[in-house]
Amino acid sequence: MLDSADEKPSPAAETGAPGTETREPAIARQHIDNPSPIDADEPWMRALHADTGYLLYRLGLRSGQLFNTSLQESGLRLRHYAVLRFLATTEGSLQRELSARLGYDPSAIVGLVDDLEKLGFAERRPAPEDRRSRIVVLTEDGRAFLRDTDQAGQRVTDELLTPLDPAERETLHALLLRVAGNGFA
C-alpha cells in the first residue's frame, strides 16, 4: 500500500498500453504536468478551503511529501519512519500489532519490516510469551537513525507551520491530539 503522497497510476495506465484504459486523457495529464496557478478567490477554491476535512487531507499530503523528501537519502519513506517510531516506544511488537496500531495493511507491514531488517534498523525475534510468534524489535542502528532524523522532522514541521506563532502551534497540536484520540485505534 502506498502513502497518499506516493500514489501514481500503473505503468500500463501511464503508457496507454493496449488493453488498458488510461485514468485521464492526455490533455488532463498535460495540465497536471504544467499546472496553471490557482486563484484562491475562485468559487471552487473557496468551497474547498471551507471544508476542514479537505484542508487536513491536503496538509497531510504536503507533510508526507516534505517528510519523504527529507528521508530520500536514506531510501526510507514516512511509513518506515512510523514503524521505527512505534518500535522505539516498545520492547518489541508483533507485526499484527504494528498493523493495527499504525493503520497499515498487514501485507504492507511485512514489506516495511523486511526493508528495515535489510538496513539493520529492526529485527524479528522469537516472542517471549510464544516462541512460535515473532516480534519486531528496534536495533541500535534503528535508534541512531531516529536520532539523526529528529532534526529533519522538526524542519518539516517548522516549514508546514511557518504561518503560526508558537502558541498557535501548541493549540493546533493539542486540538489534533484530541481529534486523533477520538478516531484512531
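A salt bridge is a side-chain nitrogen of Lys or Arg within 4 Å of a carboxyl oxygen of Asp or Glu. By this rule, the count for the structure comes to 9 salt bridges. The model is a predicted one, in which local features need pLDDT of at least 70 and side-chain atom pairs count only at pLDDT 80 or more, while totals for chains, interfaces and linings use all residues. Residues are numbered from 1 along each chain as its sequence is written, and side-chain values use heavy atoms, with hydrogens and water left out.

**First stop: a link between helices 4 and 8**

Select Arg62 and Glu159, which form a salt bridge whose closest N and O atoms are 3.5 Å apart. This pair links distant parts of the chain, since Arg62 lies in helix 4 (residues 52–71) and Glu159 in helix 8 (residues 140–160), 97 residues apart. Helices here are DSSP runs (H or I, at least four residues), numbered from the N terminus. With a relative accessible area of 39%, Arg62 counts as partly exposed; the term covers values between buried (under 20%) and exposed (over 50%), with a 1.4 Å probe and protein chains only. Glu159, at 45%, is partly exposed.

**Second stop: helices 6 and 7**

Next, select residues 95–102, which are helix 6, and residues 106–119, which are helix 7; their axes come within 9 Å and cross at roughly 115 degrees. Axes are lines fitted to C-alpha atoms, for helices over the stretch in contact, and angles run from 0 to 180 degrees between N-to-C directions. Helix 6 and helix 7 are therefore roughly perpendicular to each other, a term for angles of 65 to 115 degrees.

Now display the side chains where the two helices meet. Gln95, Leu98 and Ser99 in helix 6 are in contact with Pro106, Ile109, Val110 and Val113 in helix 7, contact being heavy atoms within 4.5 Å. These residues divide into 5 nonpolar, 2 polar and no charged. Nonpolar here means Ala, Val, Leu, Ile, Met, Phe, Trp, Tyr, Cys and Pro; Asp, Glu, Lys and Arg are charged, and the others, Gly among them, are polar.

Select Asp114, Glu117 and Arg124, which a network of salt bridges links. Within this group, the side chains of Arg124 and Glu117 meet at 2.5 Å, N to O. Glu117 is partly exposed, at 30% relative accessibility.

**Last stop: Arg125 and Glu123**

Finally, select Arg125 and Glu123, a salt bridge with its closest N and O atoms 2.5 Å apart. Arg125 is partly exposed at 36%, and Glu123 is partly exposed at 29%.

Definitions and conventions:
Parallel < 35°, antiparallel > 145°, perpendicular 65-115°, else oblique.
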